[in-house]
Amino acid sequence: MLAVRGTKPLESEQLRAGAFLNCRTVYYLRAMLNDLPSDAQVLDKLKSTFGYTTFRPLQREIVGAILARQDVLVLMPTGGGKSLCYQLPALLHDGVTVVVSPLISLMKDQVDKLQTMEVPATFINSSLDASEVGRRQAAVVRGAVTLLYVAPERLVMPGFLSLLSSVKLALFAIDEVHCISEWGHDFRPEYRELKRLRELFPNVPLAAFTATATRRVQADIVEQLALEKAAIFRGNFNRPNLYYDVRPKKEAYRQLTDYLQQRGNSSGIIYCQSRAGTENLAERLRRDGFSALAYHAGLENDERRRRQEAFIEDRSSVIVATIAFGMGIDKPDVRFVVHYDLPKNLEGYYQESGRAGRDGEPSDCILFYSYSDVIRQEHWIDQKSSETEREIARQQLRKMTDWASATTCRRRLLLAYFDDSLDCEVESCCDICGEPSQMVDFTRLAQMFMSCAIRTGERFGRDYLINVLRAGNDERIARNGHDKVSTFGIGRDQSVDTWRDLAESLIQAGYLHREPNEYNVLKITSMGREALSKREKVTLRVAKSREPGPAVSTPQPHQELFDQLRALRQRLAEERKVPAYVIFHDSSLRQMAAELPATREEFARMQGVGEKKLRDFADDFLRVIVDYSRRTGAEPTKITPPPERRLEYSESAQESYALFNRGLGSEDIASTRGLAISTIEGHLAAAIEAGEDVDISRLISQPKQEVIETAINELGPLPLKAIMERLGEGFTYSELKYARAVW
């Protein structure tokens, strides 16, 4: 039972604590409230304000849960549309939605976009002087603000809490909530204070959002914010438009400049580990003619803000940054993210690389990898004062290096880290799949390397063993007597890089094991010992050499017009002092350039065109489009949207569907599988929603289906009880489930 301010208590079907809702199932909160907006009202607000006619995966269900005043925890990848999940309900709720955000830049960016859509939004943070803070707080008190963005530090100040207690609150939306967990990659102690919200405002629901959280971090979030009864939505972490590419860090600068020359003026982020590294690389790029700026925490606040805005507003195409740059940066058209140095962990890498291609367009994620970067990271880990922190950091680094040196699909490995999977074959999703690896016979070299490890007592790391094999100049070798072992100097005909690559491949293949707590000593595994004793053939997977090409580009009908529309957008953005994408995303301009709308009615049908943007921008854009059409005689080209991604559903539901296809009814399937009939009905409904070819006539008659769908169109898909009350006798809940699934 959850008490909601200003309403009767909310009774709802709750997911059990720790249960997860993902794209294999569809969750409809069955609320008993009578004041929920209908589905038609929600869709109308989605179009009139945000300019969209459909939801992205899971958005509809999350919005429905928030509208029913349910706590939610949302795990959704970057670019999945998290912000809309709380912005849309805020416009349909009575009261203030308080958005907790960790960065000033994110607040300003979000508020700028909302204000262009006439949404009453504002932020209060340290960038404002006292008089401006007072003015904005007064606006909150008098009810002139619907969405209020604040940092966690300000939110828990006594004076600010007093302000909030004087107004009607609709929701606390906590963004980047992984910052609350010390097991996360970006722990911020000030986030821990947010647990006070539950104590101080027990009747105000919490909605927590993050793009990166392992199971352990998720459990910590639930515990810290008391979200045990929350509906937990877990999206698909796969970003199909991103191409993952790990390159050896050899002549990295030449590789980088060759790549940038292919990209023209495309926007991109290059991450470096150190402040000096960002400055040096940015300066070098500028000398070679590239538009690049450095960004790091050591800059003065005004200078940091100036450089960030230059990148967001397309006045600089490349930003070279430490990880101080990026969280919450909502620039949708970043075409590439390059990691010039090795990240500390996979969570950070996923979030940072995920800043590419938020608009869904093909984009590249490139990592330059060398073992020297691993050594540097290990040195930094050793400087930590806490052994617990050191151990956590070592575990995270080990996962990162395993991924970077892998010889199997990088996308699958990355998804597996977040307990997600790739259920279909994807071509060219990474450098390994794009250029298939091949098996090469390394028996002789593998025997040399493993024998050398055994003869030196399995007490040394990779580079020491290579020095022994190549008779290198290392005084320790003579001191240890290893210049007398049989493997001394037998590998001098191979380069250091060849031996290093071989060692990493042997580790990946399971012949060797690296002991991170023993200064990266290499030890032979049982598999390696068996291969040596039985003189087995050792074949290792290596990637074929290639010259990486550009990301797949999207063909653009009427390219000249598209360029003109981009120029117009830039001018309008400069006049309004907002980023260009706040006016329209590239995807909207592509649709305009292809379909050539000639009237305001046609322009209103373009993606991203809501009522406010129709009033503000239609005349300017139509003038350019109509002029181009008359001058060139161009004909409209209908853009075919990508096929809707089929919803995935559980293996158990697939098994029930297979039995149904063999002619078994619900009761027979339940008996065969030892499951409840209601469970089987849920499985079949999931199969319908996933687009499977289900013979609906075996489940519900066509007349009943039409009657139920009419009721759903009027009332929306939730709650089922309200639909049943509207229909009266003669219908069952199972029939409602099937009809709703078809709807």
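Me: Before we start, what does buried mean here?
Reply: Buried is under 20% relative accessible area, exposed is over 50%, and partly exposed is in between, with a 1.4 Å probe and protein chains only. This is a predicted model, where local features need pLDDT of at least 70, side-chain atom pairs count only at pLDDT 80 or more, and totals for chains, interfaces and linings use all residues. Residues are numbered from 1 along each chain as its sequence is written, and side-chain values use heavy atoms, with hydrogens and water left out.

Me: OK, so is Asn238 buried or exposed?
Reply: Asn238 counts as buried because its relative accessibility is 11%.

Me: Where is Asn238 found?
Reply: Asn238 is in the loop between strand E7 (231-234) and strand E8 (242-248). Strands (E, at least two residues) and helices (H or I, at least four) are DSSP runs, numbered from the N terminus.

Me: And what does the side chain of Asn238 make a polar contact with?
Reply: With the side chain of Arg411, at 2.8 Å. A polar contact is a pair of N or O atoms within 3.5 Å; within protein, one must be able to donate a hydrogen and the other to accept it, and residues adjacent in sequence count only if both atoms are side-chain atoms.

Me: Zooming out, how many helices and strands does the chain have?
Reply: There are 33 helices and 17 strands. Of the 743 residues, 55% count as buried.

Me: What's the strand order in the open sheet of seven strands?
Reply: E3-E4-E2-E5-E6-E1-E7, with parallel pairing. Strand E3 (121-124) and E7 stand at the edges with a single partner strand each, so one side of each has no neighbour in the sheet. The twist averages 15° from one strand to the next. For pairing, DSSP has to find at least two bridges between two strands.

Me: How many bridges join E3 to E4?
Reply: Four, and E3 runs parallel to strand E4 (residues 147-150). Phe123 has Tyr149 in E4 as its bridge partner.

Me: Switching to E10, which of its residues are buried?
Reply: Both faces of strand E10 (residues 292-295) are covered, with Ala292 and Ala294 buried on one side and Leu293 and Tyr295 buried on the other. In a regular strand the side chains alternate between the two faces of the sheet.

Me: What does E10 pair with?
Reply: Strand E11 (residues 318-321), in the parallel sense over four bridges. Leu293 stands opposite Ile319 in E11.

Me: What about E12, how many of its residues are buried?
Reply: Six of the six residues in strand E12 (residues 334-339) are buried. Five bridges join E12 to strand E9 (residues 267-271), running parallel, and Tyr271 has His339 in E12 as its bridge partner. Another four bridges join E12 to strand E13 (residues 363-369), again parallel. There, Val338 stands opposite Ile366.

Me: Now helices, at what angle do H18 and H21 pack?
Reply: Helix H18 (residues 443-455) and helix H21 (residues 496-509) pack at about 85°, with their axes 11 Å apart. That makes H18 roughly perpendicular to H21, a label for angles of 65 to 115 degrees, while under 35 is roughly parallel, over 145 roughly antiparallel and the rest oblique. Axes are lines fitted to C-alpha atoms, for helices over the stretch in contact, and angles run from 0 to 180 degrees between N-to-C directions.

Me: Last one, which residues does Ala618 touch?
Reply: Arg600, Phe603 and Lys613, leaving out residues up to four places away in sequence. Contact means heavy atoms within 4.5 Å. Ala618 lies in helix H27 (residues 611-632) and is buried, with a relative accessible area of 0%.
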